[in-house]
Amino acid sequence: MSAIAATDVAIAFGGVAAVDGVSFAVEPGEIFAVIGPNGAGKTSLFNIVAGIYPPARGRVALGADDVTGLAPHLLAQRGLSRTFQNLQIFFRMTAAENVMVGRHLHERRALLPHLFALPSVLRQNRATRQKAEELLAFVGLASFADQPAGTMPYGALKRLEIARALATEPKVLLLDEPAAGCNPVETAEVDAVIQKVAASGVAVVLVEHDMKLVMKISSRIHVLDQGRTLAEGTAAEVRANPEVVKVYLGAHA
Amino acid sequence: MRRFTQHPYAAVVLLAAIVIAIPLATSTTFYLRIAALVFIFALAVVGLNLLMGFAGQVSLGHAGFFGIGAYAVAVGPTHFAVPSWAALLAGAAIAALLAFLVGRPILKLKGHYLAVATLGLGILIAMVFTNEARFTGGPDGMPVLRLELFGWRARTPLAWYWISGVTLIVGALIAVNLIESPTGRAFRAIHDSETAARTLGIDVARYKLAAFVLSAIYAAVAGAYLALFDALVTPVTAGFLRSIEFVTMAVIGGLGSILGGVVGAAVLVLLPQVLTAFHEYEHVMLGLLMMLFMIFLPAGIVPSLMRLMRGRS
């Protein structure tokens, strides 16, 4: 069964169809990229899958669960996590604390024991902290653990968001332009992390403008144009598709 | 030293040291009275800081909850023969219940809109105290019976010094416990990005409500203490200016700093005492000093000073 599947989803804004009957399915361990020219409906599709907009038509499934129209915090409980194009970091917290917040769903959340810092809470804090340090090491940020996130470099924050999303132990990770604003070195670092994440069995779905990144790491690429599917396939297949070349790649080449 | 100042419980240890040290330094009734007042206001501000400094939600109506605590210990013993300590607990429970009921709908609002809604709530509560004159004595207020515990009556400033000081330490300890727990991390996450908090599975509405209810309990207990300490309560206790005073204390001391709340309360209680030397210019000086604090210590006294210290070392 696919880790995530969208079937015939559609949404319109003010009578204009932003996404119009798009379907795709992603398997565990795959890196699935959604590309398309500006206004193709990438972000709208992303927002439907991430639970920001309920679709006007169609359904979204996580494994066997129908999750169509569920709010983000309920999607998180069902194994979907995401990052943001324009960083949504907890700037007043340290890097480790940012990742610790990601462990929220796996922690005991009753309020009273927290007020009195019972031994079970302190034990849990230590376990959460340890998990956060492991994840920071996984994305190559171990040395930043106790640094306030507000003082970290941009490329590091991109990876911090991935570590934080991974802390929820997702089955599906949505990445909204993971390389946006990164220089080539930072892009290469993000790219390596994405490949490690997929190798661990997580289904990765990304929306991205950086064609080099997409072509290099994606298992499959889904090309949108004017809210509809134009093509889907491996990097080589998509690159060879004359329609795709015309509407998208041509414009950049 | 640097490690100590950054430890989350450093503020509580420092606070405990100050509470113990003051009576060793002075036994003057006047100073102990002032210190007790600082502790009582600081307790309310530590609670408000959970809401404003950590969860990032403003309230311009916390004097309403403060007033509920104050009137509970006034009305309960006088009209219903409830012992003061039980009236105090009942006041805290009523404040918590009200915060719980009102919090759901108004915490959906953000920024200025939330500020206006909480402002309205505070004004509404103060109006009830003014209008229900049969129970509350109306605009003139009413006397408050002294706190009695096991036949011992809390009357002297020294007694109130210790009661309020110890409660403040416990209140600060609970606040730090909370901040260093999953609940506190959820508060801080909501402050920086509700969107991101949601995608990590945090039930944002639940945690905003928790912060609101907890801060209302702190305010109600502080209000009860002030009424018992003054042996008098008037609607001014629950008034708009008092709410603004709490917010000012939290901001001047430093939002998101437990010790900051205490320092902010100390500044606003002590400054008017010191500034009486300026006679009719007292309020002008107070306003001027507050502006200078914000210009030169924009993050609040405690966080700004800590940043300066860190810069030096």
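In chain B, helix α9 (residues 182-192) and helix α11 (residues 204-230) have axes that come within 10 Å and cross at roughly 105 degrees. Axes here are lines fitted to C-alpha atoms, for helices over the stretch in contact, and angles run from 0 to 180 degrees between N-to-C directions. Angles under 35 degrees count as roughly parallel, over 145 as roughly antiparallel, 65 to 115 as roughly perpendicular and the rest as oblique; α9(B) and α11(B) are therefore roughly perpendicular to each other. From α9(B), the residues B:Thr183, B:Ala186, B:Phe187 and B:Ile190 meet B:Val204, B:Tyr207, B:Lys208, B:Ala210 and B:Ala211 of α11(B). Two residues are in contact if their C-beta atoms, placed from the backbone, lie within 7 Å. The residues of this contact between α9(B) and α11(B) divide into seven nonpolar, one polar and one charged. Ala, Val, Leu, Ile, Met, Phe, Trp, Tyr, Cys and Pro count as nonpolar, Asp, Glu, Lys and Arg as charged, and the others, Gly among them, as polar.

The model is predicted: local features need pLDDT of at least 70, side-chain atom pairs count only at pLDDT 80 or more, and totals for chains, interfaces and linings use all residues. Residues are numbered from 1 along each chain as its sequence is written, while chains are lettered from A and ligands numbered from 1 in the order in which they are written. The predictor gives the complex an ipTM of 0.91 and a pTM of 0.93. Mean pLDDT (the predictor's confidence in each residue, from 0 to 100) is 92 for chain A, with 98% of its residues at 70 or more. Chain B averages a pLDDT of 92, and 98% of the residues score at least 70. Within chain A, confidence is lowest in helix α10 (residues 242-252), at a mean of 71, and highest in helix α3 (residues 95-102), at 98.

Helix α9(B) also takes part in the contact between the chains. That contact takes 23 residues from chain B and 29 residues from chain A. On the side of chain B that touches chain A, α8 (157-179), α9 and α10 (194-199) of chain B each supply at least two residues. The most comes from α9(B), with eight residues. By class, this side of chain B has nine nonpolar, eight polar and six charged residues.

The overall make-up of the chains comes next. Chain B has 15 helices and four strands, where helices (H or I, at least four residues) and strands (E, at least two) are DSSP runs, numbered from the N terminus. With 313 residues, a compact globule would have a radius of gyration near 20 Å, and chain B agrees with this at 19 Å. The radius of gyration is taken over C-alpha atoms, and the globule rule is 2.2 Å times the number of residues to the power 0.38. Along the principal axes, the C-alpha atoms of chain B fill a box of roughly 50 × 45 × 45 Å. Chain A has ten helices and ten strands. For its 253 residues, a compact globule would have a radius of gyration near 18 Å; chain A has 19 Å, which agrees. The C-alpha atoms of chain A fill a box of roughly 60 × 40 × 35 Å, taken along the principal axes.

One sheet of chain A is open and has six strands in the order β6-β7-β8-β3-β9-β10, with mixed pairing. Two strands pair if DSSP finds at least two bridges between them. The edges are β6 (80-82) and β10 (228-233) of chain A, each with a single partner strand, so one side of each is left without a neighbour in the sheet. Neighbouring strands of this sheet are turned by 20 degrees against each other on average, direction ignored. Strand β3 (residues 31-35) and strand β9 (residues 220-225) of chain A pair in the parallel sense over four bridges, and A:Val34 stands opposite A:His222 in β9(A). On to β10(A): five bridges join β9(A) to β10(A), which run antiparallel, and A:Leu224 stands opposite A:Thr229 in β10(A). These two strands, β9(A) and β10(A), form a hairpin with two residues between them, and A:Gln226 in the turn has a positive phi of about 50 degrees.

Another open sheet of chain A has four strands in the order β2-β1-β4-β5, with antiparallel pairing. Strand β1 (residues 4-13) of chain A pairs with β2(A) over eight bridges, and A:Ile11 has A:Val19 in β2(A) as its bridge partner. Helix α1 (residues 42-49) of chain A lies across β1, β2 and β4 (57-62) of chain A, running at about 60 degrees to β2(A).
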